[in-house]
Amino acid sequence: MSERFPADGRAAVDSTASGPGRVLVAVYGIFALAAGARAAVQLSTRFDEAPLAYLLSALAAVVYVVATVGLARGGRTGRRTALVAITVELIGVLVVGTLSLADPAAFPDETVWSAYGRGYFFVPLVLPVLGLWLLRSRAGGGLRSRGDRDR
Amino acid sequence: MPGALLVTPLLVGAITVVALLLAALGAATTVVGRRIGLVHVAGAGLLELLLLLQAGIAAAAMAGGTRPADTPTFVSYLIGVLLVPVAGVLWARTERTRWAGTVIAVAALVVAVMAWRLQQLWEATGV
């Protein structure tokens, strides 16, 4: 990636991890930490109580970590990685959010995505939308020098 | 009982006030289009000191036998929250646009929320 396109690579790396993108990466990092810690606690202390919910917590954690790394690294590969992770994230929060309301018995304990992320002020619902928006707005802007619009 | 005095409302209040002031400062920095400065770092440092104090007091209380009902979650919040101001400053420090202030503000708000959750978890003491 950046080895082959040094000049573009530099600009592209900056494009999802600087300006407003830097804030988004920070929020993704927080969620990677939150979901990871929650999954670790749930899986290690009470896996038997709600295996489905806890495995979903772990999946959410992985998705947030991958999205964080993808956005932070940027470049063509990073953006593509982030796109996949954020798409899974959006589907996950919508599906788990809906199922957790439709069939609460299947989700006896909270996950990050339960009730569309109600326990996290609905940030999990807004975050993938912002992430996709960022990737879309920066997709054609890889050649633009950093911060043109954001300074 | 000694446990009631431990993660004290006073300390949680101080953490909340400092965190909200820092969040407001960070947001203001973004609004006026400035980079972050020493005052942001100092604010995050003060916040970190208060969090370390909280962690120490809570650890002492737990060593003394007072345990919140959901100890693993409590401990993960207690330790996790210590990382937030440090990570926020490190991530904001290399950002040379106005958005560094928002990064600080996000970190500060997360600390405020986590301090509040810690208080809730602590009050559900199992003993």
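Modeller: Let me start with a term: a residue counts as partly exposed when the number of other C-beta atoms within 10 Å of its own falls between the buried level of 20 or more and the exposed level of 12 or fewer. Please also keep in mind throughout that this is a predicted model.

Colleague: OK, so is A:Tyr116 buried, exposed or in between, and why?

Modeller: A:Tyr116 counts as partly exposed, because it has 18 C-beta neighbours inside 10 Å. It sits in the loop between α4 (75-102) and α5 (123-139) of chain A.

Colleague: What is its phi like?

Modeller: The phi of A:Tyr116 is positive, about 60 degrees, although the residue is not a glycine. For background, most residues other than glycine have a negative phi.

Colleague: And what about the phi of A:Phe122?

Modeller: A:Phe122 is not a glycine either, and its phi is positive at about 65 degrees. This residue, too, is found in the loop between α4 and α5 of chain A, and with 14 C-beta neighbours inside 10 Å it counts as partly exposed.

Colleague: Switching to helices: at what angle do α2 and α3 of chain A pack?

Modeller: Helix α2 (residues 20-46) and helix α3 (residues 51-73) of chain A pack at an angle of about 155 degrees, and their axes lie 8 Å apart. Since angles over 145 degrees count as roughly antiparallel, that makes α2(A) roughly antiparallel to α3(A).

Colleague: Which hand does the crossing have, and what kinds of residues make the contact?

Modeller: The crossing in which α2(A) passes α3(A) is left-handed, and the residues of the contact between these two helices divide into 17 nonpolar, 6 polar and 1 charged.

Colleague: Now chain B. How many helices and strands are there?

Modeller: Chain B has 5 helices and 0 strands, so that, by the run of its elements along the sequence, the pattern reads α-α-α-α-α. Taken along the principal axes, the C-alpha atoms of chain B fill a box of roughly 50 × 20 × 20 Å.

Colleague: How much of chain B is buried?

Modeller: Of the 127 residues in chain B, 41% are buried. Looking at the contacts in chain B with a separation of 6 or more, 84% are accounted for by residues 24 or more positions apart.

Colleague: Can we look at one residue there, say B:Ala100: where is it, and is it buried or exposed?

Modeller: B:Ala100 has its place in helix α5 of chain B, and it counts as buried because it has 28 C-beta neighbours inside 10 Å.

Colleague: What is it in contact with?

Modeller: If neighbours within four places in sequence are left aside, B:Ala100 is in contact with B:Arg35, B:Ile36, B:Ala92 and B:Glu95. The C-alpha atoms of B:Ala100 and B:Ala27 are separated by 9.3 Å, with the two residues 73 residues apart along the chain.

Colleague: How many residues are in contact between the two chains?

Modeller: On the chain B side 17 residues are in contact with 16 residues of chain A. Both α4 (71-93) and α5 (99-123) of chain B supply at least two residues of that side, and the largest share, 8 residues, comes from α4(B). By type, the chain B side divides into 9 nonpolar, 6 polar and 2 charged residues.

Notes. Residues numbered from 1 in each chain as written. Chains lettered and ligands numbered in written order. Predicted model: local features only at pLDDT ≥ 70, side-chain atom pairs only at ≥ 80, totals over all residues. Axes fitted to C-alpha atoms, helices over the stretch in contact; angles between N-to-C directions. Helix = DSSP H or I, 4+ residues; strand = E, 2+ residues; numbered from the N terminus. Parallel < 35°, antiparallel > 145°, perpendicular 65-115°, else oblique. Left-handed = near helix turned anticlockwise from the far one by under 90°. Nonpolar A, V, L, I, M, F, W, Y, C, P; charged D, E, K, R; others polar. Contact = placed C-beta atoms within 7 Å.
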